Amino acid sequence: MLVRPVKTFALLSTGLLAGAFGYGAVNVVYAFRAVPLDVRFTFHTALMGVNGLVMQTMMALAVVSSSLLAVLTRSLPRLLAAGAGALVVTSFLVTRFGNVPINGQIRQWAVSSAPADYAAILQRWEAWHVVRTVTGLVAFLLIVLLVVFGDRLGKSGTTE
């Protein structure tokens, strides 16, 4: 009985996370490239200030819901849920140790000037963003598989 709302919550939270990362990868990154550097740095700083709390909350909700789903299911659905949770944790770690330090550098550039190697640093930020986008998307797809095929994958697949 509890599994159905947890599946819904996991589907929603991982979907929102994948969607937010995907939107950033498809729209924001390309918009960043199209504007002058001072505009990019100012907007990037403002966006990351707002995104910090929102994205951390989405990642936390996705981890909690996927982990809870792993506890409530068994067999292959449990592995799918646990895998999704691990991928969301990976997204968090990539964000925290890949993107966030570069965001701090960009914040400084917005009020001073960029170093000579700024292009390589921005490329590194984009590469980390691709990694967290892919891990978020795969986490969402694992939850979709669990929701759509869970009963067939695990011969009821739940401890309901």
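**Val147 and other labels explained**

Reader: Why is Val147 called partly exposed?
Author: Its relative accessible area is 31%. Buried means under 20%, exposed means over 50%, and partly exposed lies in between (1.4 Å probe, protein chains only). So Val147 counts as partly exposed. This is a predicted model, where local features need pLDDT of at least 70 and side-chain atom pairs 80 or more, while totals for chains, interfaces and linings use all residues. Residues are numbered from 1 along each chain as its sequence is written, and side-chain values use heavy atoms, without hydrogens or water.

Reader: Where does Val147 lie?
Author: In helix α4. A helix here is a DSSP run of H or I with at least four residues, numbered from the N terminus.

Reader: Why is Val28 called buried?
Author: Val28 has a relative accessible area of 15%. Val28 sits in helix α1.

Reader: What makes the contact of Glu126 and Arg33 a salt bridge?
Author: Their closest N and O atoms are 2.3 Å apart. A salt bridge needs a side-chain nitrogen of Lys or Arg within 4 Å of a carboxyl oxygen of Asp or Glu. Therefore the pair qualifies. The two residues belong to distant parts of the chain: Glu126 is in helix α4, Arg33 is in helix α1, and 93 residues separate them.

Reader: How do you know that Arg40 and Glu126 form a salt bridge?
Author: The N to O distance is 3.6 Å. That is within the limit, so this pair counts too. Arg40 is in helix α2, 86 residues from Glu126 in helix α4. Arg33, Arg40 and Glu126 are thus named as a network of salt bridges.

Reader: Are Glu126 and Arg33 buried or partly exposed, and why?
Author: Glu126 has a relative accessible area of 13%, so it is buried. Arg33 has 46%, so Arg33 is partly exposed.

Reader: How many residues line the largest pocket, and which are closest to its centre?
Author: The largest pocket has a volume of about 450 Å³. It has 25 lining residues, and the closest to its centre are Met48, Asn51, Gly52, Met55 and Arg132. A pocket is an open set of points on a 1 Å grid over the protein atoms alone, where a 1.4 Å probe fits, with protein on both sides within 12 Å along at least five of seven lines; lining residues have an atom within 4 Å of a point. Volume is the space filled by probe spheres set on the points, which are joined across faces, edges and corners.
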